[in-house]
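Dear colleague,

Please find the structure below, handed over for your study. A short account of the findings follows it.

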Amino acid sequence: LLVSKDLGKHLLEVEDLLQKHGLLEADISAQTERVQALNAAALKFSELEGYQPCDPQIICNRVSHVQTCLEELEELAAKRRKELEDSRQLWTFFQEMEEAEAWIREKEKILAAKTCGRDLSSVMTLTNKHKTMLGELGNRRALLHQTMKKGEKILAKKSFSSVGIQEKMREVCLRWKKLEEVTGLHQQRLEDALNFFQFSTETDDLVAWLQDMYRIVSSDDFGHDDYSTQALLRKHRTVVEEVEKHRASVLSLRKQLALLAPDHRQGVDVQIRVVEVEQLYGEVAEVAVLRTQWLQDALAVYKMFSEVHACEVWVDEKEQWLEKMEVPEELDEVEVVQHRFESLDQEMNSVMGRILDVNQVVQQLVDGGHPSSDEVRSCQDHLNSRWNRVVELVENKKGQLSSVLKIQNFLLEC
């Protein structure tokens, strides 16, 4: 049993042989105690004085022979255990290498079957899975490194043929290197896909935002009075600021496109998309400028209408007063009316300045091609007409007063 050359053909068989060898070692250990007891008892017969049943030398030789056989048996047992343990170490190495190969094959199949996703969500999911696999790869790399060290130790002992061990180590190392290369390539593809879909998502978000902005800046709501138009103008200025802030994002699209992988950046669709975003932004910015002008024109119109209304209220009041006013004949009353006309002249100078401002605003609106030019011009003509009527009434009344004063002065002189 101890000189057997059967060291097992696989790990389970070696484990079984080691278990059996352990039982055999237990038997040897038990027999050792028995042999030592028997030898001690036999040696007592070699020490007897007087009658000796056997030649002491024969007893000593026999005891020495038995002891030598026992020691040889123990040496064989120790040698057998070492050989079996070396065999277990060898087959453990081969099994671990086979497990590593199986793990590599499994990951190769997974990497060969993996796609890079169809959208941002699927790419991120695949990226997270790939990160998990990278963690597994690191753990497996450490285990493989330990197994390789075991192989090197086996080779150093020179207990077994080095051909199979070296071949297995070389084969697994090559497959592992190829796996790491494939893993790196797949990771790069995932990163390229992630960058592309992030770029596409950001571009889509930018397009959606620009479309919303276009609907806002192309609105035909210009308010219905001075207050509402001013509110719209304040909101529009905020929109213009936001549009201007996004200019950098639009201008950076081509730089971001240039950073994408060739397969992604050379696509016709993505290039067209970038051009569409640039054109849409240009339209939004252009319409935003136009809406600013339209709102300012509308505000100018409403302010003009408000000013016209204020002037016409004054004109109505003075027109009614002038039409109802009777030029007095008494000198004292004439002087009072004359003082009123002096105050009226000051008011008319002030109102005249306001009417001139209205006429200037109207001219600017008409020259600028404002859509309400006809209405504005009509309002201007109406105000000017009424102003001329008031001026005419004032001149008539002043003329009457002047005539009365001349008569009164003539009578006083007489």
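**Findings**

V3 lies in the segment before α1 (11-45); helices (H or I, at least four residues) and strands (E, at least two) are DSSP runs, numbered from the N terminus. Please note that this is a predicted model, in which local features need pLDDT of at least 70, side-chain atom pairs count only at pLDDT 80 or more, and totals for chains, interfaces and linings use all residues. Residues are numbered from 1 along each chain as its sequence is written, and side-chain values use heavy atoms, with hydrogens and water left out.

With a relative accessibility of 58%, V3 counts as exposed. Here buried means under 20% relative accessible area, exposed over 50%, and partly exposed in between (1.4 Å probe, protein chains only).

The structure holds six aromatic pairs. Rings of Phe, Tyr and Trp (its six-membered ring) pair if their centres lie within 6.5 Å; planes under 30 degrees apart count as stacked, over 60 as edge-to-face and the rest as tilted. One of the pairs is formed by F93 and F94: their ring centres are 5.4 Å apart and their planes stand at 65 degrees, so this pair is edge-to-face. Both F93 and F94 are buried. The pair of F222 and W294 has ring centres 6.0 Å apart and planes at 80 degrees, so it is edge-to-face. Because F222 lies in the loop between α4 (162-217) and α5 (226-245) and W294 in helix α9 (residues 268-324), the pair ties together parts that are 72 residues apart in sequence. F222 counts as partly exposed, at 23% relative accessibility, and W294 counts as partly exposed at 36%.

K168 has its place in helix α4 and is buried, with a relative accessible area of 17%. Leaving aside neighbours within four places in sequence, K168 is in contact with F94, M97 and E101, where contact means heavy atoms within 4.5 Å. M213 is likewise placed in helix α4, and its relative accessible area of 11% makes it buried. With neighbours within four places in sequence again left aside, M213 is in contact with V239, V243 and V284. The C-alpha atoms of M213 and L259, which are 46 residues apart along the chain, are separated by 28 Å.

Yours sincerely
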